[in-house]
Every structure is written in C-alpha cells, then in structure tokens.
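Please look over the sequence and the model below before reading on. The briefing that follows takes up the overall build, the pockets and the salt bridges in turn.

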Amino acid sequence: MAAILDYQCVLAIRQEGNFARAASTLDISQPALTARIRRLEDELNVRLFERGRFGARLTAAGTAFAEASERIVSIAEEAESAAKGAERGIGQSVRIGFTQISARTCLLPVLKGFKDAHPLIRVQLRETTTVRLEALVAEDRLDVALLHPPVHRDGLAELYLRSCPILQIESDDASDQGRPLVEYPRSDAPVLISEFNRRYPGAQASPPAAEADTAFGALLLSEAGYGPCVVAEDSWNQVEMGNGRVARALDMEIHTSLVWRNMDRRQIVSNLIDVCKRAIL
C-alpha cells in the first residue's frame, strides 16, 4: 500500500515536471525519489510518468492517481493539523472556500463573527472559482463555500446571502467605445457570461483582445488599455484603479450564496451557517 510520501512524490513531480527539482522540493535525494516511484509503479502495475528530454509527464494512469493523491494528502494534512491543534487546545478546523467577489462583503464579516464566537477553531481558506468551489464542497474537500448560484451539483444545500450590481468599467475618454470586452473563460464564470449574453446580445460580437480568470485580472487588463471589462461592484470597490476609468451600472446583478453538503450535520457547520445569518442577513 502506498505511503503518504508516495502521493506527495507524485504531486511534486507533476508540479515540477522534473525528478531532480521534485526531490529538492521534498528534501530527499533524487535516487530515493526515483526508487520510490518505480516501486509504486510496480505495485500498481501501471506507468505513472513518461520520462524523456522534456522531463517527466503524467500518463493517463498517472493523472488519475495524482488527482486522487490530492485528496489523500489533503486529508492526511488535516488529520495532522487536528492532532497538533488538539495538543494546543484547538479541537477542530473548518474549511471555507470563497470567490474574489465574495471576499470583503461576505467572507470578512463571517470570519470576524466566527472568530468571536469560536476563537479556538482553526480556519482554512481557499479562493477559486464558483465551478471549482462547488466541486470541492461536493467532494468533501471544503466544508462550506461562498459562491455564485445557480448551484448544479446534487447533495448541496444553499443559503442566499446578498446580491451585487454588475458594472462595466471603461475609459472616461470614449477610447473604449466599440471595443470588445476583456473576456472571462466560460468554465470559470458561466453565470456571469450567460447572464451578460442574455441581457446584452451581440455586445461581444468581436473577438476579445484579452482574457482573465479573475475580476482583478480583468480590471488590470482594462486599465492597461485592452478594452472595457465587466465586474461585480464588490470587486470594483476592492481595488484602487488609476485615473481615467469610469464605472457604468448595467441592468444585471450577481448573487452570492453559502453552500454546504446537505447531509453534513456537524455542529461546526451549523455554527458557521448561524454566523453567516447573523453577519449578513
């Protein structure tokens, strides 16, 4: 059976793309790393990596193994943290996911309220996109997440928290007029893109000149001259842009909800939901 270090080795090689650099990251010798991977491949009777002048690349079997390894290493690290925390009198930890949009107006008051009510509980934060957050909660890799509905995964409960206006950010001298918007990958912002296309058909007829996977990135590209962008008002308020940019309100809103697994009856999750209700609703 594979040891935790085996899973960590696979993840390190995937990240570094090279056995030598992965060994350095793990603070073990390269021969020891190579021997461990060969033994693991022999036990599994599969080849995890293709090796060559390009370095090391995951095979199909290696990709599947690495994805599962992420969950195993995360659980092992959580168990270690829980044991160390218990030794210091900290009994539990809670894993909270959030988007950039939800950070200040939703997450910050929730964190403050939760710390006041439960000062000994360890909090772990993870920022990513709504699509990814939904998957992480469903897979029990996060306990709760602040994201933007609709929620598509089965088995998740949802508490609506607030709505936020959508703004179009553009130059104040009309130089952005007629230029295509900075684009978001549809996989990262399906709600925003679908709603924008529904309300403003044809607005993005020209190919975009740039793409960003976060609102902050879109704002930076827009300020750099790549065209106007569409962001939530909360994102606009969180950054300090240079002169020459103006915000125009669109007839759109984006909603933020708290989601959790509906079968998760733990008291710590119930406590966090209660804090959300008190802090935001």
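The points below go from the whole protein to single pairs of residues.

This is a predicted model, and the protein in it has 281 residues, of which 42% count as buried. Its secondary structure consists of 10 helices and eight strands, and its C-alpha trace spans about 65 × 50 × 35 Å along the principal axes.

**Overall build**

- Among the contacts between residues at least 6 apart in sequence, 71% join residues at least 24 apart.
- The accessible surface of the protein comes to about 14900 Å², and 49% of this surface belongs to carbon and sulfur atoms.

**The largest pocket**

- The largest pocket has a volume of about 370 Å³, and among its 24 lining residues, Ile101, Thr129, Asp188, Ala189 and Asp213 lie nearest its centre.
- Helix H7 (190-199) and strand E7 (229-232) are the elements that give two or more residues to the lining of the largest pocket.
- Sorted by class, the lining of the largest pocket holds 13 nonpolar, eight polar and three charged residues.

**The second largest pocket**

- The second largest pocket holds about 320 Å³ of space, and of the 14 residues that line it, Glu70, Ser74, Glu77, Gln124 and Arg126 are the closest to its centre.
- Helix H4 (60-87) and strand E4 (122-127) each supply at least two residues of this lining, with H4 giving the most, namely six residues.
- The lining of the second largest pocket is made up of four nonpolar, three polar and seven charged residues.

**Salt bridges**

- The structure holds 20 salt bridges, and one of them joins arginine 21 to glutamate 16, with the closest N and O atoms 3.7 Å apart.
- Arginine 21 is partly exposed, with a relative accessible area of 44%, and glutamate 16 also counts as partly exposed, at 22%.
- Arginine 141 and glutamate 70 meet through their side chains in a salt bridge (3.4 Å, N to O); because arginine 141 lies in the loop between helix H6 (130-138) and strand E5 (144-147) and glutamate 70 in helix H4, the pair ties together parts that are 71 residues apart in sequence.
- Within that pair, arginine 141 is buried, with a relative accessible area of 13%, whereas glutamate 70 is partly exposed, at 25%.
- Aspartate 176 and arginine 245 form a salt bridge through their side chains (3.1 Å, N to O), and both residues are buried.
- Salt bridges that share partners also join Arg95, Asp140, Asp143, Arg261, Asp264 and Arg266 into one network.

Definitions and conventions:
Residues are numbered from 1 along each chain as its sequence is written. This is a predicted model: local features need pLDDT of at least 70, side-chain atom pairs count only at pLDDT 80 or more; totals for chains, interfaces and linings use all residues. Side-chain values use heavy atoms; hydrogens and water are left out. On a 1 Å grid over the protein atoms alone, a cavity is a set of points where a 1.4 Å probe fits but cannot get out, and a pocket is an open set with protein on both sides within 12 Å along at least five of seven lines; lining residues have an atom within 4 Å of a point. Grid points are joined across faces, edges and corners, and a volume is the space filled by probe spheres set on the points. Helices (H or I, at least four residues) and strands (E, at least two) are DSSP runs, numbered from the N terminus. Ala, Val, Leu, Ile, Met, Phe, Trp, Tyr, Cys and Pro count as nonpolar, Asp, Glu, Lys and Arg as charged, and the others, Gly among them, as polar. Buried means under 20% relative accessible area, exposed over 50%, partly exposed in between (1.4 Å probe, protein chains only). Contact means heavy atoms within 4.5 Å. Accessible areas come from the Shrake-Rupley method with a 1.4 Å probe; for residues, only the protein chains shown count as cover. A salt bridge is a side-chain nitrogen of Lys or Arg within 4 Å of a carboxyl oxygen of Asp or Glu.
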